[in-house]
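Please open the structure in your viewer and keep the selection tool at hand.

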Number of protein chains: 2
Amino acid sequence: MTPIGYVRSPYTDTSQVPKGLGAKHDAEGELEILPEYEAGLTDIEGFSHLIVVWVFDRSGAAELCGKVPSDDSRPHGVFATRSPRRPNPIALTAVELLGREGRRLRVRGIDMLDGTPILDIKPYLSSIPEEKLRRGWLAEQRKLSAFSHQLSVTSLRPDKRQRRSTIAR
Amino acid sequence: MTPIGYVRSPYTDTSQVPKGLGAKHDAEGELEILPEYEAGLTDIEGFSHLIVVWVFDRSGAAELCGKVPSDDSRPHGVFATRSPRRPNPIALTAVELLGREGRRLRVRGIDMLDGTPILDIKPYLSSIPEEKLRRGWLAEQRKLSAFSHQLSVTSLRPDKRQRRSTIAR
């Protein structure tokens, strides 16, 4: 495996990258492909979205079962998380292609650090429909955090309980 | 990079795997994870869909710009295709998780050959909505094939032209 290019990102430290299910990834950046791979970009402009395959090049040792920032209640298996501490430190990000200038692809939806090595780029072709997705512990976690948000709000404003619980749902 | 497991698939030759945009991938098979990585599967049962990261272990040398089976009219850059002949021979497949027995995951949507090495498994968390996707040359190609299908059908059955063209659209 050898990099085909590198990410140009506004993020230089993992603490700057939004994390967790539902985190907004609006950051713009560039996929800078090495000159020797430029021919591989032919016709890429026609696709609205791309999948970037990249390397977690600054992650710690693999951890098969551990806690993640989005849920500190119990550990999860690494293959049930997006944790960077994986046996093979490969990451995937779906980005929106904003434009191309030669071997530079301007994209939105960056969640990589600046200088991250890119292994591959693929066109994003199809999706599993939203209504067919189950998200296991992550969905539980989201329900819990909505619930605790609701609790904290309603305990402060008991008169608004009904309206708040509707919003939280 | 080292395999975390292997695919058990009904396909033993690439000619058996459905190809092209819109190809149905209903084949069932197993992701057989090696014993030393089983702990990484903890909690995976809660997810309906997984992304499997695997190796094109029987593909030819990389080809930066070449023709693909779904369009023999002109070559496309490898990063604008799902061709197996990539600089880094990494493949992605979204599968539906049907069940787990220990370190064996029963899945639907297999498009790998039997014995394919698996590098990683990630939960499928979110999708780009269908209406936001543009598919470049692949969409052109689909329109063309729908159009030529329409032509061949209407030339045989001129009386049904109006109805057929509605269907083809």
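Begin by displaying chain A and chain B together: across their interface, four salt bridges are found, a salt bridge being a side-chain nitrogen of Lys or Arg within 4 Å of a carboxyl oxygen of Asp or Glu. The model is predicted, with local features requiring pLDDT of at least 70 and side-chain atom pairs counting only at pLDDT 80 or more, whereas totals for chains, interfaces and linings use all residues. Residues are numbered from 1 along each chain as its sequence is written, chains are lettered from A and ligands numbered from 1 in the order in which they are written, and side-chain values use heavy atoms, leaving out hydrogens and water.

**The interface**

Select Asp120(A) and Arg86(B) next; these two form a salt bridge whose closest N and O atoms are 2.6 Å apart. Then extend the selection to the whole contact (heavy atoms within 4.5 Å), to which chain A gives 55 residues and chain B gives 54. The area buried between the two chains is about 5,200 Å², with 61% of it from carbon and sulfur atoms; buried area is the accessible area (1.4 Å probe) that two parts lose on being put together, summed over both. On the side of chain A, please highlight Phe79(A), Asn88(A) and Leu125(A), which lose the most area to chain B and together make up 15% of what that side buries.

Between chain A and chain B there are 35 residue pairs in polar contact, both residues at pLDDT 80 or more. A polar contact is a pair of N or O atoms within 3.5 Å; within protein, one must be able to donate a hydrogen and the other to accept it, and residues adjacent in sequence count only if both atoms are side-chain atoms.

Which elements of chain A give two or more residues to the side that touches chain B? They are β3 (49-55), β5 (71-77), β6 (90-101), β8 (117-123) and α1 (136-156) of chain A. Helices (H or I, at least four residues) and strands (E, at least two) are DSSP runs, numbered from the N terminus. The largest share, five residues, comes from β8(A).

**The barrel of chain B**

Now hide chain A and colour the strands of chain B. A closed barrel of six strands runs β1-β2-β7-β6-β3-β8, with antiparallel pairing; two strands pair if DSSP finds at least two bridges between them.

Zoom in on β1 (residues 5-8) and β2 (residues 28-33) of chain B, antiparallel strands joined by four bridges. Here Arg8(B) stands opposite Glu30(B), and Val7(B) stands opposite Leu31(B). β1(B) also pairs with β8 (residues 117-123) of chain B, in the antiparallel sense over two bridges. Within that pairing, Tyr6(B) has Pro117(B) as its bridge partner.

**Final selections**

Return to chain A and select Glu32(A) and Arg104(A), whose side chains meet in a salt bridge (3.6 Å, N to O). The pair links distant parts of the chain, 72 residues apart: Glu32(A) is in strand β2 and Arg104(A) in strand β7 (residues 104-108) of chain A.

Lastly, select Asp43(A), in the loop between β2 and β3 of chain A. Its phi is near 80°, a positive value in a residue other than glycine. Most residues other than glycine have a negative phi. In chain B, Asp43(B) has a positive phi of about 80° and lies in the loop between β2 and β3 of that chain.
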